[in-house]
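This briefing is intended for a reader who is meeting the structure for the first time. Please keep the sequence and the model in view while reading.

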Amino acid sequence: MINFKLSLFSTLAVRFWFRLFLDFILGLLVSLFIFKTFTLVVPVFGFHGIFDTETPLSEIRVYDYSKQQLKAFLENLVQDNYWFLSTQEVYDYFLSQDKKVIPPEHKKEKPIVISFDDGYKNAHDHLMEILPELEKRYNKKVKIVFFINPGFMGKEGTYHNHASCQDLREGFTQGYYDLQSHGQNHENLTKISLTKVDSELSRAQKDLKACLENLDTKGEVGNHFAYPYGAANKEVEKLTAKYYQSSYLYNSRILRPFTIKDLYRVSRLTVNRKTSLQMLQLKAGGNWF
Ligand SMILES: [Zn+2]
């Protein structure tokens with residue numbers, strides 16, 4: 001009788017523990033699924049000028065980045081199956097209320113955005129070396145977002161000279177550039193009148209579209225914005241929404257589409273000359289806030 005009770009008890013105990021174990025595994029799988037679904041990240045990097053080993057130290061600015069490290073970074077991303085998004089793709093697949101379904105060819109890729117502000121000539125020249133080389137080697141086109149100040153196109157700058165409209169047309173024709181707006185004259189939009197803000201926003205869009213006229217058959221140029229100096233406030237955001245579908249900040253955060261509430265405050269990560277290649281890769285992997 002005692003033995004019978006013991007064996008009954010042990011059978012019940014085994015069942016209990018087995019059921020607990022199954023519940024634990026199921027809970028773990030559900031948590032993992034929720035975690036994976038809701039923490040999708042789209043790291044958006046913001047570069048400026050690009051220098052190489054021959055550039056004199058006096059000409060290198062804090063927000064510049066080395067050509068050699070940039071090339072290594074992009075090459076690693078290509079090898080690691082990243083999807084280089086345009087701003088329109090970020091909007092369509094991750095930000096819009098009416099999101100499009102991600103095409104099958106991109107489903108297994110990791111999304112990332114590589115952007116360049118201010119449209120510097122040295123960035124254009126080096127990218128036009130790096131990008132065709134990567135395409136030839138890996139048969140993959142790396143898309144670069146350029147946030148442009150049309151008022152400076154082809155002009156000398158305080159720090160670096162600016163790429164011309166013809167330069168931008170070249171990169172666009174070859175399928176490497178996504179050309180978007182950074183304001184007409186790189187004004188801090190929080191420090192000028194709202195009338196001037198409106199003019200900075202509208203003129204930049206008009207001039208950028210005019211530069212790409214007859215090439216931009218899909219109307220993809222100048223629909224998205226990056227605030228000069230990353231500076232914005234509620235009034236600036238409201239005016240930006242009059243002309244653009246989305247706008248990017250600099251807040252050192254990785255874009256988590258699930259948590260975004262404001263299309264005019266899209267997160268971006270700054271890159272400067274001291275950012276190591278390892279740090280870029282860590283951030284590209286989403287291991288950063
Ligand atoms: Zn800028």
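The model is predicted. The protein chain falls into domain 1, residues 1-38, and domain 2, residues 42-284. Between the C-alpha centres of domain 1 and domain 2 there is a distance of 51 Å.

- Strand 1 comprises residues 44-47, and both of its faces are covered.
- Val44 and Gly46 are buried on one side of strand 1, while Phe45 and Phe47 are buried on the other.
- Strand 1 runs parallel to strand 5, and four bridges join the two.
- Within strand 5, Ser115 is the bridge partner of Gly46.
- Strand 1 also pairs with strand 10, in the parallel sense and over two bridges.
- In that pairing, Thr270 of strand 10 stands opposite Gly46.

**Helix 6**

- Helix 6 covers residues 194-211, a total of 18 residues.
- At 1.5 Å a residue, helix 6 should span 26 Å, and this agrees with its end C-alpha atoms, which are 26 Å apart.
- The buried residues of helix 6 are Val197, Glu200, Leu201, Ala204, Gln205, Leu208 and Cys211.

**Helix 8**

- Helix 8 spans residues 277-284, and its residues Leu280, Lys283 and Ala284 are buried.
- Their arc around the axis is only 105°, so they sit on the same side of helix 8.
- Helix 2 (67-79), strand 5 (110-117) and strand 10 (269-270) pack against the buried residues of helix 8.

- Strand 5 is joined to strand 1 by bridges, and the buried residues of helix 8 pack against strand 5.
- Strand 10 likewise pairs with strand 1, and the buried residues of helix 8 pack against strand 10.

Technical notes:
Residues numbered from 1 in each chain as written. Predicted model: local features only at pLDDT ≥ 70, side-chain atom pairs only at ≥ 80, totals over all residues. Expected span 1.5 Å × (residues − 1). Buried ≥ 20, exposed ≤ 12 C-beta atoms within 10 Å, placed from the backbone. Arc of directions from axis to C-beta. Contact = placed C-beta atoms within 7 Å. Domains from an automatic or database assignment. Pairing = 2+ DSSP bridges.
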